[in-house]
Amino acid sequence: MLEQIAINLATMVLGVTVGTYLGAKIMKHELTRELSRYIMNELPHVLADEKFKAKAREMARSAIRELWNIIMEELGVEG
């Protein structure tokens, strides 16, 4: 009786493991295909948008300013 329960449990664990692995492989393949399709078709339109460019510039300036402040702080420069 105990042996049969152990066998059933091991079979279930193996089935779940193999099923999860195969599902992950399939999802990775689908995601890769969708991602490449998005990059080829949609991303050029997004990058050409003026609002996107303005936001990207704003974020870049903010990041550079913050990096500059961190460097100055580490060097011990006041101001």
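# A tour of the predicted model

The model you have open is predicted. Both residues lie in helix H3, 3 residues apart, which is about one turn of the helix. Glu58 counts as partly exposed because its relative accessibility is 47%. Lys55 is also partly exposed, with a relative accessible area of 43%. Side chains of opposite charge can pair when their charged atoms come close.

**Stay in helix H3**

Select Lys53 and Glu50 next. Lys53 forms a salt bridge with Glu50, and the closest N and O atoms are 3.8 Å apart. Lys53 and Glu50 are separated by about one helical turn, because they are 3 residues apart in helix H3. Is Glu50 exposed or buried? Glu50 is exposed, with a relative accessible area of 52%, and the cut-off for that word is over 50%. Lys53 has a relative accessible area of 32%, so Lys53 is partly exposed.

Now select the whole of helix H3, residues 50-75. How far does H3 reach from its first C-alpha to its last? The distance is 37 Å for 26 residues, close to the 38 Å expected at 1.5 Å a residue. Colour the chain by confidence: helix H3 has the highest mean pLDDT, 92, and helix H2 (residues 43-48) has the lowest, 84. For the protein chain the mean is 87, and 99% of the residues reach 70 or more. Then step just past the end of H3 to Gly76, which takes a positive phi of about 85 degrees.

**Move to helix H1**

Select Glu34 and Arg37. Their side chains meet in a salt bridge, at 2.7 Å from N to O. The two residues are 3 apart in helix H1, so about one helical turn separates them. Glu34 counts as partly exposed because its relative accessibility is 39%. For Arg37 the value is 40%, and Arg37 counts as partly exposed too. In total, the structure holds 4 salt bridges.

With a relative accessibility of 42%, Ile39 counts as partly exposed.

**Two distances to draw**

Select Glu30, which has its place in helix H1. Glu30 counts as partly exposed, because its relative accessibility is 29%.

How far is the C-alpha atom of Gln4 from that of Glu73? The separation is 67 Å, and the two residues are 69 apart along the chain.

Conventions. Residues are numbered from 1 along each chain as its sequence is written. This is a predicted model: local features need pLDDT of at least 70, side-chain atom pairs count only at pLDDT 80 or more; totals for chains, interfaces and linings use all residues. Side-chain values use heavy atoms; hydrogens and water are left out. pLDDT is the predictor's confidence in each residue, from 0 to 100. Helices (H or I, at least four residues) and strands (E, at least two) are DSSP runs, numbered from the N terminus. Buried means under 20% relative accessible area, exposed over 50%, partly exposed in between (1.4 Å probe, protein chains only). The expected span of a helix is 1.5 Å times one less than its number of residues.
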